[in-house]
Amino acid sequence: FVNKQFGVRSSLLESSTTTTELFARKPFITGNWKLNPQSKSEAVDLARGIADSITGESPSDVALFVPFPYLETVQGIVGDKLIVGAEMITPEINGAFTGGVSPCMLKSMGIEWALAGHSERRTLNKESDEDINKQCKMLVEEGMNVVLCIGESLDEFEKDLVDAVCEIQLKKGLSEIGADQMSQVTIAYEPVWAIGTGKVATPEIAQSVHKSIRSITDKMYGSSVAESTRILYGGSVSPGSVDGLLEKPDIDGALVGGASLDTTSFGRIINFEVAEVLA
Ligand SMILES: O=C[C@H](O)COP(=O)(O)O
């Protein structure tokens, strides 16, 4: 077994293997806690467990997107080991937006990352592509980083509209964001039918959509941006599925929901193992 992950796992690497041989982009494993856990003490335990599962220099970037009330606590626990981000933002500077949390507020707390466009917010909170674009633009303009989530419904999947839906969501979500701002953008492909259902997309299906997303990014921004933009897969990622997904050349990481609430499962996902990347 040869582990050629990007990053450092030197004890497992063949002396002739460089860390950049396998992955074109540094893998990025992210957890989205959603409306969990139910208490601060549980959040503390979970954050500690996850931070402890990163020993030495991580082979990947790792991020946790957590509910607002836990941000500072989790950040204090994980330190520099991983990124802590918000699950959403209100794209306003200040004013009469009851319940809102702005990018500026987050930045003042040292939080530099946020999700935008998660399907639960698109569906439950009726966020439109225009709303999501406003969030993305404000985040990058504030010098923050955004994970833009896109993905088709089951109905759209069955009607073979996957690439078309992703193209629309991508183009609208990134409207007026320049090539020079794309280093602040990560894309997450999350088929809605795979979220929380246990029905993970096969690596082949996910790879095909990721390749199409990269090609759309190429048309929008050129090859250099397309080749450097990380595209994560989300939807029922588990310890059993992560290795196969990460073996695909255009799958640069994962956005993990349910399994990010379990220290052992998320620890295994963070420390995924691939022997080679399959074209
Ligand atoms: O943000 C994460 C996604 O919604 C995936 O959630 P899941 O891993 O529970 O399916």
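Student: How are residues numbered, and which of them count?

Tutor: Numbering starts from 1 along each chain as its sequence is written. As the model is predicted, local features need pLDDT of at least 70 and side-chain atom pairs pLDDT 80 or more, while totals for chains, interfaces and linings use all residues.

Student: Is strand 1 buried or exposed?

Tutor: A residue is buried if 20 or more other C-beta atoms, placed from the backbone, lie within 10 Å of its own, exposed if 12 or fewer, and partly exposed in between. Strands (E, at least two residues) and helices (H or I, at least four) are DSSP runs, numbered from the N terminus. In strand 1 (residues 28-32), five of five residues are buried. Phe28, Thr30 and Asn32 lie on one side, with Ile29 and Gly31 on the other.

Student: Which strands pair with strand 1?

Tutor: Pairing requires at least two DSSP bridges between two strands. Strand 1 runs parallel to strand 2 (residues 61-66), with five bridges, and parallel to strand 8 (residues 253-256), with four. Ile29 stands opposite Val62 in strand 2, and Gly31 has Val256 in strand 8 as its bridge partner.

Student: Why does Leu46 count as buried?

Tutor: Leu46, in helix 1 (residues 40-52), counts as buried because 24 C-beta neighbours lie inside 10 Å.
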